[in-house]
Amino acid sequence: MYLKKRHIEILREMKKTESQVEIEEKLPEEFQIRAIELYILGFVELEGNRIKLTEAGRKLLEITDSIELRELPDVIVDSEIIKMLELLDETGKVPEGWLNALRKRKLADENGITDFGKALLGVYRETHPLVYLTPEIVSFLRGMPKLGTLDELVTFKNSKLYGDNIVNALQAMRLLKISPPTEKGRAFATTPAAKLALKAVSMIPVFARAIVLRKEDFEALKGGKRNPELESMGLADEKGTTELGKAIMEAYEAIGREETKVLPIYVLDDELTVLKAITEIEEKYMTNPDILPTEKEIDKRVDVGDLGAILHLLESKELLERKLVKNKDTYWLTEWGKEAISFGTVSPDAMKAVTYAESGDVPIAEWVVKAQEEGLVKAGVTDKGRFYLRLSRSIRRKPFLTKYDAAILAKLPRKKYISREELVELVKDYVGGDEKEIIRAIGEAEAKGFVVELQNGMVKLTELGDRLKTALESAKLQEIVKVKFSVTPTLYNVLKVIHDNLETFNRIWKEKGEVKGYKMEEVDVIRKHLSLGDDEIKKALTMLRQLGFLGSKSLTEGGKTLVEAYE
């Protein structure tokens, strides 16, 4: 959205007349540009030399009627202000600088969002801008960087001698979003609708006239109807909607639509070191089958803090798979793991720059700068960024919970946002630890799908996080937060076999004999379903009972909830 004081002034003049000539005489400054922007936003219809209010325009006029324009900044709303307003509405808290910007516009006060702010946000959510593509707008959109810091966008605009009106129009159409300011400045991202718009106009051999699609045009094309205007733009012909028409309709539908966010994957230095070591062992295995990628063999080649934890973590991301070979537990690279080695490390924050932009949202500058430093973004998403985006979308994450994950889940309230700073303190008081480590753990918990952290630093449990919180609370939480990692892919797989074969295990548990850590009959059943050695199965059963996911002769409520959270 993009709304200036001049837009409101034009709407107010329209109460007296619909003549563009008469309004322009009173408000000559950039009248034609502002009128086009109101048209794009869906607030007016332009018919010859007349300008008419739409229903959305009447609503906007109504909610701004009592506002004293001279008290407001020149730009009342743009994509940056809308983001601040959305975050305040969703989380109840934004940084003081953002709050001041909203206060200046009468959109917020000491009690939160004002009635004016709520009404304006409502208009934004209820209206749908037009597709309005001129040769100049398309030329700018084609050439501009697609994701970066705002300085880069301004540099491009100025170097090509484009006016601000292009950036304004793209914001009005929701093809471009600009983030609120943070310590690193502002970021911008083109939306998925922008990509679809460019794909559509690429079908036109020579793009020489404006393509305009209003709601009524969209409905007409959807119904297979045509008119001279749609035909002149190449959107329809005697057979109905053309391929170009369908592509423009796809762009129209995507405008303003926020896709489900993809969880940002991460691969850190220690993980990459382990992946490379497994590559070396696999190469040696080709000529000497006695050399296997066991934990012991990998340990000879790496110097990392906790190899066991890293192996579990890599398995949880499908970068390696665990197999029983020659009665030994071994770890082998997946195709994803091989590719990850060639692309190198990536952090959760850097990936958020890519995943947020991909979903139609705008990342903050810190994430974008990190993505640029790590080679995910350079005037757009790089091959590395695209690979990790594909990986993030494609893998089915397996459960892996560290001590910090458990503490984060335990301390986050349900259905409520709290600030990252508050969460760090709560975790520190609960399980100890270094602030930097906990901040990193929050980012990793987001990549695992347990929490979401928004642009204003507010954190909330996801649906998966909420279910895992229930599972931990139903198990032995105080024991869980004492161990380095309470749930691993192996532990989960063992638990799932029990869950899926409960009748068999109920029979085993009814038989005489004490169950402490495990029963050999349990081990025998699990061995048939998983490629694991007996020792690993025994360890898993013992751990599951110690942590309360498995009882001596039953699957606990915590264990059942844990399994079902991932189904």
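A residue counts as buried under 20% relative accessible area, exposed over 50%, and partly exposed in between (1.4 Å probe, protein chains only). By that scale Gly305 is exposed, because its relative accessible area is 72%. The model is predicted: local features need pLDDT of at least 70 and side-chain atom pairs count only at pLDDT 80 or more, whereas totals for chains, interfaces and linings use all residues. Residues are numbered from 1 along each chain as its sequence is written, and side-chain values use heavy atoms, with hydrogens and water left out.

- Asp270 is 35 residues from Gly305 in sequence, and their C-alpha atoms are 8.1 Å apart.

**Open sheet**
- Three strands, in the order β8-β10-β9, make up an open antiparallel sheet; strands pair if DSSP finds at least two bridges between them.
- β8 (147–149) and β9 (176–178) are the edge strands, each pairing on one side only.
- Three antiparallel bridges join β9 to β10 (residues 187–190), and Lys177 has Ala189 in β10 as its bridge partner.

**Packing of α12 and α14**
- α12 (residues 215–222) packs against α14 (residues 243–254) at an angle of about 130°, with the axes 11 Å apart; axes are lines fitted to C-alpha atoms, for helices over the stretch in contact, and angles run from 0 to 180 degrees between N-to-C directions.
- The two helices α12 and α14 are therefore oblique to each other, as angles under 35 degrees count as roughly parallel, over 145 as roughly antiparallel, 65 to 115 as roughly perpendicular and the rest as oblique.
- Lys215, Phe218, Leu221 and Lys222 in α12 meet Gly245, Met249, Tyr252 and Glu253 in α14, where contact means heavy atoms within 4.5 Å.

Terms used. Helix = DSSP H or I, 4+ residues; strand = E, 2+ residues; numbered from the N terminus.
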